[in-house]
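Q: Please show me how to read the features of a model, one at a time.

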Amino acid sequence: MKIENLSQRDKKHLWHPLTQHKLSGDMLAIVKAKGAVLYDEQGKEYVDGISSWYTAVYGHCNEDITNKVAAQMQQLDQVVFSGFTHEPAIALSEALIKILPANQEKLFFSDNGSTATEVGIKMALQYHHNHGRKRKVMLAFEEGFHGDTFGAMSVSELSVYNGAFEEHFIKVLRLPVPVGENNAEVLNLFKKFISEENLAGFIYEPLIQGAAGMKFVDPEGLDQILKICKENKILTIADEVMTGFGKTGKNFASDYLQNKPDIICMSKALTAGLLPMAVTSCTAEVFNAFYSDELSKGLFHGHTYTANPLACTAALAGIELLTSKQMQENIKRVIDSHKAFKKRIQGHPKVKNTRHLGTIIAFELDVKMERYGSLRNRLFEHFMSQGIFLRPLGNTIYIAAPYITTNEQLEKIYLSIEAALDKF
Ligand SMILES: *Cc1c(COP(=O)(O)O)cnc(C)c1O
């Protein structure tokens, strides 16, 4: 009997995310992960340069986290969160409120980044509904990404994903991202929108648009938009699903801004890469709009696994790590390392638009290539062959490695990028 490897067995029944199966090759089977390293079926090692989609920021299989989750598993695995509560959710709420912007008061749980933004959008729409105001239109940035469920897709603008669904979307107006020189234009357009439509909420990725290719947002421009939102009772929803938990050098990207959001969406690094979970936090003012003698004013949204005790335990352990002296030192070390690497590459003729904030560094590879898609795939293959897992977005190369990535591993990533500059 022929023994098939995992990549071959995978093909029989599995349908992978964001994949056109006819055009993509075999899936690479990963059998182990530790720290910043992934191990494949053949035992080959890869430095996880994107923290497995920005989740495992404290390193994979971190024993501080896995031990606590293993203990929690023996105690309470899962219970309904409607009518019941439990210590892991309460302890997490206390720890999370401490590190969130000071105006955040209440936490609502769901399962992933898309549901976190979905809940944020529903909070904004129902907030106005409960106040008896007709506000049905959302505001979002061009090229934003907020997830793959219908509400989240509506406010996102990545057309490859959305084509078949667009006519079912909620109504959304879109602002160009302020980048400095266009700030006045963006504000004028925003004011025009306000005079024409009753805007309910504004959803945005603070400071960095991840899926758009690590595009940077001008903090002053964003702050001005947020200020005008406050003046016009347009609820502000910070989608910190990617930027949250230290990636920008502060706990949240919103910490860099003067105007704090009414609602914050979190997932990805929330549970440190261990289990899926999300939180949508909000101010007391938002919560109070739902607090009523009328049943129908409540937020009737709920997922079966809401506030799963194991996921809450992982998240609490993650926050303890994030706020530890050692992890903060690691974050500083990665920031300094990227700073030096930025100097190394930014004069290179093929390197355009180098940008760096916190533990994230990105640039565009400026080369002529017959097909954009093929450049992206050849870059990906190049990095993998060098034992580096990076996922270029088009011609954008970026690093968002775990904070515990060693200096040697960081140097390995940098060298593979410099080799790509020579090769392409
Ligand atoms: C990944 C991401 C989402 C969606 O999260 P999922 O867990 O993949 O549903 C939403 N917003 C931002 C900014 C993201 O990076």
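**Reading a helix and its salt bridges**

Q: Against which elements do the buried residues of α9 pack?
A: Here contact means heavy atoms within 4.5 Å, and buried means under 20% relative accessible area, with exposed over 50% and partly exposed in between (1.4 Å probe, protein chains only). The buried residues of α9 pack against the strands β5 (137-141), β6 (172-175), β7 (199-204) and β10 (235-239), and also against helix α8 (183-196).

Q: What should I know about the model and the numbering?
A: This is a predicted model, in which local features need pLDDT of at least 70 and side-chain atom pairs count only at pLDDT 80 or more, while totals for chains, interfaces and linings use all residues. Residues are numbered from 1 along each chain as its sequence is written, and side-chain values use heavy atoms, with hydrogens and water left out.

Q: Which residues of α9 are buried?
A: They are G221, L222, D223, I225, L226, I228 and C229.

Q: How many residues does α9 have, and what span does it reach?
A: Helices (H or I, at least four residues) and strands (E, at least two) are DSSP runs, numbered from the N terminus. The expected span of a helix is 1.5 Å times one less than its number of residues. Helix α9 covers residues 219-231, 13 residues in total. From its first C-alpha to its last it reaches 18 Å, close to the 18 Å expected.

Q: How many salt bridges does the rule count?
A: The rule asks for a side-chain nitrogen of Lys or Arg within 4 Å of a carboxyl oxygen of Asp or Glu. The count comes to 17.

Q: Where in the chain do K230 and D262 lie?
A: Their side chains meet in a salt bridge, at 3.6 Å from N to O. The pair links distant parts of the chain, 32 residues apart: K230 is in helix α9, and D262 is in the loop between β10 and β11 (263-266). K230 is partly exposed at 34% relative accessibility, whereas D262 is buried at 10%.

Q: Is K12 buried or exposed?
A: K12 is exposed, at 53% relative accessible area. Its salt-bridge partner is E4, at 3.1 Å from N to O, and E4 is partly exposed at 29%.

Q: How far apart are the closest N and O atoms of K297 and E294?
A: They are 3.8 Å apart, in a salt bridge. K297 is partly exposed at 22% relative accessibility, and E294 is partly exposed at 45%. Elsewhere, salt bridges that share partners join R344, E411 and E418 into one network.
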